Amino acid sequence: MTYDPHYRLPRVLKNEDDSNPSNTAPNATFSEIAATRFSRRAALTGLLATTALTAAGGLVPTRARAATAESSLTFTEIPHAMDDKLHVAEGYSAQVLLRWGDKVAADAPEFDPAQQSAEAQARQFGYNCDFIAFMPLPAGSNASDHGLLFVNHEYTNPHVMFPGFADDKAAAEGTTAETAAIELAAHGASIVEIKREGDGWMVVDGGQFNRRLSLNTEMELSGPAAGHDRLKTSADSTGRNVLGMINNCGGGSTPWGTVLTAEENFHQYFGGDPAGTAEAANYKRYGIKGEPSYPWGKFVDRFDVTKEPNEANRFGWVVEVNPYDPAQKPVKRTALGRFKHEAATSVINADGRLVVYSGDDERFEYVYKFVSNGTFDPAKGFENAALLDDGTLYVAKFAADGNVQWLPLVHGEGPLTEANGFKSQADVLIETRRAADLLEPTKMDRPEDVETDPVSGKVYVVLTKNDKRKAEQVDAMNARPENKWGHIIELTPPSKDGKIDHAAAAFTWDMFLQAGNPADAAQQAKYGATVSDSGWFANPDNLAFDPKGRMWIATDGFPDHGVHDGVWATDTAGAGRAATKHFLGCPQGAELCGPAFTPDGKTFFVAVQHPGEDGNYDQPTTRWPDFADNMPPRPSVVAIMKKGGGEIGA
Ligand code: FEO
Ligand code: CA
Ligand code: CA
Ligand code: CA
């Protein structure tokens with residue numbers, strides 16, 4: 001299809017809760033503050049809009065400025081498009097490395113989409129690849145030519161996986177015990193050994209670390225909520241043993257070589273009658289309404305809250321996985337809270353404590369960070385994992401004057417008492433959202449990834465969009481009503497003598513960019529001055545930083561504006577700040593996930609998720625990546641390299 005700016009995909013909203021947001025807490029969205037006072041933020045933006053300070057990296061309301069400054073990113077941009085192909089900047093190669101159904105376990109059968117089984121899927125690469133971590137081999141090295149790929153499998157699209165369904169609604173209605181079992185096996189994550197050979201990468205067949213994690217994998221709960229009565233089920237009287245993980249979206253890796261994978265939209269898997277359970281208020285706050293997108297509860301009791309009222313409390317956590325030890329059970333770390341975690345980004349603070357940032361991805365939800373009590377000791381290896389069980393979870397309250405306060409979610413402090421239904425820290429963590437509401441944090445426009453810049457130490461919070469924000473709910477941090485485009489906020493932790501304090505109770509913030517089309521003044525887009533016609537985008541989702549500290553932005557939702565999803569890259573400082581450049585575009589129906597670099601910055605892994613989601617198995621809108629008549633589109637991981645070698649982006 002040729003590019004038509006007016007073409008609009010029938011967007012499938014399978015993996016987000018498109019109903020009313022579940023945050024009805026009365027905390028203000030700062031509209032009062034924004035309305036009654038001329039904020040420093042507004043003054044700053046106004047100043048930059050009318051002066052020539054943009055060469056120093058300021059925001060501009062339109063792109064109508066002379067291109068006097070240069071980005072450090074030297075690739076030639078690709079144009080906006082919308083077709084059935086993957087596009088990458090000239091001079092770069094794109095190798096499809098792992099597709100849905102590819103062999104992971106040594107004994108996995110060949111993929112046959114016409115003869116699928118749960119047994120086969122449990123050993124093959126799962127569906128809808130999302131977060132990617134490149135974990136070097138040997139462990140602890142900086143190797144960039146040999147390693148493990150840890151890849152999330154966020155969710156399933158049965159209308160594209162199986163023949164005979166017009167759309168996702170028909171596929172849900174047609175779910176059988178057999179297709180449900182395949183879908184359970186297609187969720188989770190894959191760990192696959194890979195090696196670089198010359199200009200490309202190869203999967204190591206039968207690699208000793210290769211394994212699949214699914215909804216049937218034994219996992220443990222640890223931390224303050226583990227063993228609590230509210231986590232006990234008929235299958236688990238200890239409240240410490242869970243089968244599997246759900247809807248793993250973003251993630252991160254730890255300094256001791258494990259992966260943190262984040263359970264996001266867990267609500268859409270639980271049927272039954274939540275209002276009739278002791279967890280009614282809790283489940284309502286998370287959007288569990290007894291109308292699941294996946295009607296698995298008809299076949300598997302634990303996905304029916306009437307039959308198993310506590311099972312849903314065992315999902316919505318950050319899961320730690322040691323990719324280097326296939327015998328080690330994944331661990332759900334309850335101290336990091338229970339919500340729709342987009343990601344989990346670790347950083348060692350200057351004082352040695354571990355800080356983990358995470359967003360809660362729903363309209364009007366919050367941004368969180370966890371700060372460990374203990375300090376990281378490189379000599380202790382995996383024993384450092386205990387840091388994730390003992391610390392304080394904070395939620396962010398932004399102010400229009402540029403300050404951020406981190407409010408502690410500690411049982412017994414402030415309103416987090418028995419009078420409000422919190423008998424212990426376990427209750428605070430199981431109902432993180434309801435506890436946070438009482439502290440009145442800032443309701444944001446769908447917090448997605450949170451990433452730290454390894455060079456500057458600044459922290460970036462991605463807000464993907466919020467079409468439900470009304471004009472009277474606009475604030476300095478979420479500055480547009482019916483925000484269809486999303487924005488990125490820059491957080492600056494305090495620092496002293498070059499030591500950055502991620503654990504501090506107060507940060508400052510600034511608007512990094514507001515996405516949308518800068519040529520349309522009504523959209524109030526804000527980029528660096530040199531952004532081009534194809535440099536603008538919408539709906540930022542996941543971020544990765546290259547070794548030079550440049551930001552690579554993956555999008556989810558740009559097709560709603562007539563353009564493929566993909567990757568845009570930018571400097572965060574200097575002349576090219578927030579002047580995004582278009583590097584990669586997805587095939588039709590897909591979003592781009594999991595951007596991850598090798599330590600040398602010479603390979604860039606991306607996950608192409610749900611290609612052809614806008615069609616179905618029988619009539620796909622693309623057959624990417626195989627383009628074979630008998631093969632449906634397959635979500636896949638792609639390795640991007642510079643032809644002839646060299647750093648991505650240069
Ligand atoms: Fe799975 Fe927040 O996207
Ligand atoms: Ca996401
Ligand atoms: Ca990321
Ligand atoms: Ca995504």
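View 1. At 13% relative accessibility, Arg230 counts as buried, because buried means under 20% relative accessible area. The model shown here is predicted. Arg230 sits in the loop between β8 (218–222) and β9 (241–243). Its side chain makes a polar contact of 2.8 Å with the side chain of Asp427. A polar contact of 3.0 Å links the side chains of Arg230 and Glu431. Residues that Arg230 touches, leaving aside those up to four places away in sequence, include Glu279, Asn282, Asn310, Asn313 and Ile430.

**View 2. The calcium ion (ligand 3) and its donors.** Asp449 (OD), Glu451 (OE) and Leu543 (O) coordinate the calcium ion (ligand 3) at 2.2 to 2.5 Å. Along the chain, these donors follow the spacing D-x1-E-x91-L. Glu451 belongs to strand β21 (residues 447–452) and Leu543 to strand β27 (residues 540–545), so the pair ties together parts that are 92 residues apart in sequence. Glu451 is buried, at 16% relative accessibility. Leu543 is buried too, with a relative accessible area of 2%.

**View 3. Arg634 and its contacts.** Arg634 lies in the loop that runs between β32 (603–609) and β33 (636–642). With 3% relative accessibility, Arg634 counts as buried. The side chains of Arg634 and Asp102 are joined by a polar contact of 3.4 Å. Leaving out residues up to four places away in sequence, Arg634 touches Arg99, Trp100, Gly101, Asp102, Phe111, Pro611, Trp624, Pro625 and Asp626.

How values were computed:
Residues numbered from 1 in each chain as written. Chains lettered and ligands numbered in written order. Predicted model: local features only at pLDDT ≥ 70, side-chain atom pairs only at ≥ 80, totals over all residues. Heavy atoms only, no water. Helix = DSSP H or I, 4+ residues; strand = E, 2+ residues; numbered from the N terminus. Buried < 20%, exposed > 50% of the residue type's maximum accessible area, 1.4 Å probe, protein only. Polar contact = N/O pair within 3.5 Å; in protein donor to acceptor, adjacent residues only side chain to side chain. Contact = heavy atoms within 4.5 Å. Donors = N, O, S within 2.8 Å, 3.2 Å for Na, K, Ca; no water.
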